[in-house]
Amino acid sequence: MNRTTISLFAGVAALAAVTGFAALTPPDAPGASGTDSAKAAAELPVERTSLLCPAPSTSDLAETSYTAFTPVTKGAENDGTAELDAATEQDGTGDTSAKEKDAKDKKDEKGKKSEKGKGEGKSVLTPKAPGTPVTVDASGADSPALVGTAEGKFAPGWTVQETTEVAAGTGRGLQGVNCTAPDTEFWFPGASTAGDRTDYVHLTNPDDSAAVVDIELYGKDGTLQTTVGEDITVQPHSSEPVLLSTLTDAKQDDLTVHVNVRSGRVGAAVQALDEKLGGDWLPASTDPAASLVLPGIPKDATSVRLIAFTPGDADADLKVRLASPSGLITPAGNETLHVKGGMTTAVDLGDVTRGEAGSLVLTPTDQSVPVVAALRVVRGKGDKQETAFIPATNPVGTRATSADNSGKGSTLSLTAPTGTATVKVTASAGSEGGTAASKTYTIKSGTTMDVEPPVPSGLKGTYALTVEHVSGAPVYAARTLAATEEGVPGFTIQTLPDDRGTVAVPEADQDLSVLDK
């Protein structure tokens with residue numbers, strides 16, 4: 001009998017390009033040898049990307065801009081689309097509002113759109129060519145959460161930044177967040193249920209079926225008991241903000257929030273609003289790991305607070321070091337940090353940077369125990385203070401992208417804790433005009449450098465930055481966007497991990513072979 005088979009690796013390559021993920025048996029693994037092993041991995045552009053943006057603010061004074069950008073990626077498709085559509089808002093119980101249900105009923109009367117045309121005519125952003133950002137503005141408290149999808153040429157490295165200015169009230173100042181990819185688990189050290197804080201977990205579901213989510217809270221003494229944090233249903237293509245203080249009666253200055261998705265997947269982010277210290281978005285920490293890097297502490301930070309948590313039963317002992325412009329140093333009085341298993345630990349580091357650029361590096365003193373961590377950073381003094389957060393993050397990898405930058409007010413922080421490295425930073429064309437510009441930087445081992453990134457010549461509008469790893473050790477990066485209003489030093493910090501523009505897949509013969517049996 002004749003049987004036709006397709007190369008397994010060809011199938012995996014196609015799947016990886018679409019999903020951005022590939023899991024293959026390495027050549028030295030059991031059962032892998034000779035001609036059965038894959039050739040050296042190749043980087044292929046992803047073909048589809050999803051991003052989710054939380055509802056920006058409940059303030060009528062909020063002014064929000066959304067900026068979307070796709071870097072130019074070699075090998076990307078010639079055609080493609082990108083859409084950011086408004087998500088349905090839920091009322092906090094898992095049900096959509098009556099107004100939205102009525103709107104949905106009217107839409108259904110007109111007939112359902114085909115899957116190909118889904119979102120057509122209602123996208124809040126119309127993309128330009130890769131290499132040029134596009135921005136749209138929104139005002140007030142009615143700006144919705146957004147569900148975004150990019151395909152083809154717009155998918156590799158697609159990045160969307162949400163930036164909001166709030167002139168007064170709780171959380172006033174500058175708030176920013178990178179719209180996130182959907183996932184099934186998130187860790188947020190640095191949240192709070194203190195009396196002067198109003199913290200929400202925003203959950204957004206991009207899929208056609210409902211997601212079921214559990215929210216767990218961990219304080220200084222361990223788990224905070226709550227029943228209303230279990231089995232939260234997030235309807236398809238909808239978003240639900242969950243106020244943390246409704247999940248527990250305990251008032252805790254420092255909490256770790258664990259979002260665990262039982263069914264489906266969601267995007268998640270914490271909005272932390274303070275009555276006196278402004279507010280910002282708290283993005284998820286990178287997955288629990290023994291060593292962590294928190295890049296981009298502003299040199300003029302007046303207060304820095306480290307919040308850490310270990311999910312397991314074992315305690316973690318961490319060495320605390322600051323990667324300064326001159327090298328790794330140990331903060332006086334905070335040489336180590338003991339984190340009890342299952343409990344949130346916080347410590348004030350004060351003005352740890354002392355007027356210089358800095359990034360925090362956490363490593364195990366002895367036994368390796370996975371932890372998550374974040375920094376709460378304060379700038380300003382008295383009643384002119386503002387807050388931002390820096391979660392532990394992954395390195396730049398192949399390339400990282402920051403979508404929303406201005407000619408003034410952007411600072412790029414680069415750190416290489418384990419060895420000297422070189423990166424190439426490119427400023428894209430402006431959203432309304434300008435010519436791209438690039439510059440190369442070398443970061444010495446164990447140091448942090450703050451740079452004013454290159455600016456497009458003839459800049460009009462906003463521009464994007466890409467950071468490409470050229471050589472050397474892993475590099476971690478963060479971008480600070482600052483805007484002082486009435487003496488308040490408004491700022492927001494976004495870490496810059498790999499933008500997931502490409503995926504490693506094996507190079508293998510992809511032609512058909514005929515086996516005679």
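**Pocket lining, sheets and a buried loop residue**

Me: Which element provides the largest share of the lining of the second largest pocket?
Reply: In this predicted model, the second largest pocket has a volume of about 1400 Å³. Two or more lining residues come from each of helix H1 (8-19) and strands E3 (48-53), E9 (159-166), E11 (185-191), E38 (488-495) and E39 (502-506). The largest share, four residues, belongs to E3.

Me: Which residues lie closest to the centre of the second largest pocket?
Reply: The second largest pocket has a volume of about 1400 Å³. It is lined by 43 residues, and those closest to its centre are Thr180, Ala181, Pro497, Asp498 and Arg500.

Me: Which strands form the edges of the open sheet of four strands?
Reply: The strand order of this sheet is E25-E21-E27-E28, and the pairing is antiparallel.

Me: How many bridges join E21 to E25?
Reply: On one side, E21 pairs with E27 in the antiparallel sense over seven bridges, and phenylalanine 309 has valine 372 in E27 as its bridge partner. E21 also runs antiparallel to E25, where threonine 345 stands opposite alanine 308. The number of bridges joining E21 to E25 is six.

Me: Why is strand E21 described as largely enclosed by the rest of the structure?
Reply: Burial here requires a relative accessible area under 20%. Strand E21 covers residues 303-309, seven in number, and it is largely enclosed because the count of its buried residues is six.

Me: Which residue is the bridge partner of lysine 381 in E28?
Reply: Strand E27 (residues 372-381) and E28 pair over eight bridges in the antiparallel sense. For lysine 381, the bridge partner in E28 is lysine 384.

Me: Which residue of E19 is the bridge partner of leucine 273?
Reply: The open sheet of five strands has the order E6-E16-E12-E18-E19 and mixed pairing. Its edge strands are E6 (88-89) and E19 (278-282). Strand E18 (residues 267-274) runs antiparallel to E19 and is joined to it by five bridges. Within E19, the bridge partner of leucine 273 is glycine 279.

Me: Is alanine 429 buried or exposed?
Reply: Alanine 429 lies in the loop between strand E31 (421-427) and strand E32 (433-435). Its relative accessible area is 17%, and the cut-off for burial is under 20%. Alanine 429 is therefore buried.

Me: What distance separates the C-alpha atoms of alanine 429 and threonine 132?
Reply: Neighbours within four places in sequence aside, the contacts of alanine 429 are Gly131, Thr132, Pro133, Gly434, Ala436, Pro456, Thr462 and Tyr463. Alanine 429 and threonine 132 are 297 residues apart along the chain. Their C-alpha atoms are separated by 5.5 Å.

Me: What percentage of the contacts with a separation of 6 or more is between residues 24 or more positions apart?
Reply: The protein has two helices and 40 strands. Of its 517 residues, 50% count as buried. Among contacts with a separation of 6 or more, the share from residues 24 or more positions apart is 82%.

Note on methods
Residues numbered from 1 in each chain as written. Predicted model: local features only at pLDDT ≥ 70, side-chain atom pairs only at ≥ 80, totals over all residues. Heavy atoms only, no water. 1 Å grid on protein atoms, 1.4 Å probe; cavity = no way out; pocket = protein on both sides within 12 Å on 5 of 7 lines; lining within 4 Å. Points joined across faces, edges and corners; volume = space filled by probe spheres on them. Pairing = 2+ DSSP bridges. Buried < 20%, exposed > 50% of the residue type's maximum accessible area, 1.4 Å probe, protein only. Contact = heavy atoms within 4.5 Å.
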